[in-house]
Amino acid sequence: MRKFRLRTLRWLALLLFLGVFGAIVLRWISLERLRLGLQKLAIPLHPTPTAIPEIATPTRPPLIDGKLDTAKLWSGITVHANVNPTPGGPASVERIDPQSYVLDLKLNVRVPTPNRTLEELATVTPELPKLLPQLGATFSAESVSPLFQELYEVKMRSLREHLVRLDQLLSRHNFYDCQTILRLRDPQTKRTAILLQAEMDVDADGSDSDRLPVSNGPSANFKPFTSYRWKKKTALPNPFLPAAEEKLRRYETEFAQKGLTMERNRDLRIGIQRMRAEVDSLKHFSFLIAATDPYIVLPGIFTGAKDAGRVGDYAVVVYGNDLYPAIVGDVGPNEKVGEASLRIARQINPLATPYNRPVSDLKVSYLIFPGTAETPFGPPDLEKIRRCCEKLVQEIGGASVPLHHWENLIPTPTPTPSPTPTPIPAPSATPSPAVGADISPTPLIAPTFAFPTPAASPTPAASPTP
């Protein structure tokens, strides 16, 4: 009897221990699932109060709320929406299971095929064979540049990286922005070139206080510098330098505070490093001006490829029945093609602005001549650009029309002539002008170019000796 009781107590103790252990394990599993679920919602389990308020940076996209049509969230992307319900468990269990409420995103994309023949090019731009009569002899069906495939691989990689960020997905317009990229080579002169057929977006960047001390109304994405730059030649400060210095001071002041998050400190370090480089560039260099200088922008992948064009190379923009000489003046994002300065854009379409592209169709051809950049860089000479581009076009068979002649919108100030000595007038009954009397000067430069320039302060003329 005693053995039976002792054995029974042992079994009861073992069952009690197993029950407690099982409850602990189930509780741990439940808390772990709850933690994972809250972690996906970015809700901390135990928020710790901080003594100093932090300026938190968003680490996740904001929640989409309100009445929205999902088909209008993306520009030009066709959306097929479907809800698939399946039987589940209790609501108290399903609400903490991350896999019970899932949105599967799948983007189907057709990658375009590049144009390979002159006939295919003519279907988009019928004027191209007429403007460049010998163009067909400079390439074949095998002349498609590897840059075309690399460009769309970069676009696909961008779609994969930003698929969960619906606001950052490439639109249909920006995905299909390149018709072809061909490598040209004249059989006689051996001159090489790159033919890029795309649309035209507007670049409004750049500043140069030496040539244009006053600038007005930059766009939302404006940058006061371009990849094409040269050493400043005067002591006139860049008009955008004070704003850059003020931004750098704000970053440094915030970085000196205590209690910031690790992510914010990292962002501030990167921002301070970037702003110091910008301030240094604005102090010591001059840049192209989009409103006055004709230049084009190449994707970043071109700069790392062989014989694909570099900053400073000569280029010709072909649209309609005109050929516009230009240079490669800036480098843009890797996944976007077809961008020119505001000067070229307004020449093609007077309604072009930084927010309104001049050409939305893939009817603009860009001829880039690799290896033609002349160093050191300096302020653009429009007449020299035209002469060099005309010579390069002749080396690939010539053109049927002359290249466009750019008018200089930044006139060179005329120096004030030195006053000639005036003979002493003979005494007469007519009273002589008073000493130090002001004489109204004639303005030297009429403010008729792109940006208004403040009138020169009048210099007092030499007063006659009584």
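Which residue in strand 9 is the bridge partner of Val317? Notes below, starting there.

1. The answer is Tyr366. Pairing here takes at least two DSSP bridges between the strands, and strands are DSSP E runs of at least two residues, numbered from the N terminus.

2. Before going on: this is a predicted model, where local features need pLDDT of at least 70 and side-chain atom pairs count only at pLDDT 80 or more, while totals for chains, interfaces and linings use all residues. Residues are numbered from 1 along each chain as its sequence is written, and side-chain values use heavy atoms, with hydrogens and water left out.

3. Strand 9 (residues 359-368) also pairs with strand 2 (residues 192-203), antiparallel, through six bridges. Met200 has Val359 of strand 9 as its bridge partner.

4. Now the helices (DSSP H or I runs of at least four residues). The axes of helix 7 (residues 241-255) and helix 8 (residues 262-284), lines fitted to C-alpha atoms over the stretch in contact, come within 9 Å and cross at roughly 155°. The two are therefore roughly antiparallel, a label for angles over 145 degrees.

5. Residues in contact (heavy atoms within 4.5 Å) include Leu248 and Tyr251 from helix 7, and Leu268 and Ile272 from helix 8.

6. Ser281 sits in helix 8 and, at 14% relative accessibility, is buried. Leaving aside residues up to four places away in sequence, Ser281 touches Arg229 and Phe287.

Key:
Axes are lines fitted to C-alpha atoms, for helices over the stretch in contact, and angles run from 0 to 180 degrees between N-to-C directions. Angles under 35 degrees count as roughly parallel, over 145 as roughly antiparallel, 65 to 115 as roughly perpendicular and the rest as oblique. Buried means under 20% relative accessible area, exposed over 50%, partly exposed in between (1.4 Å probe, protein chains only).
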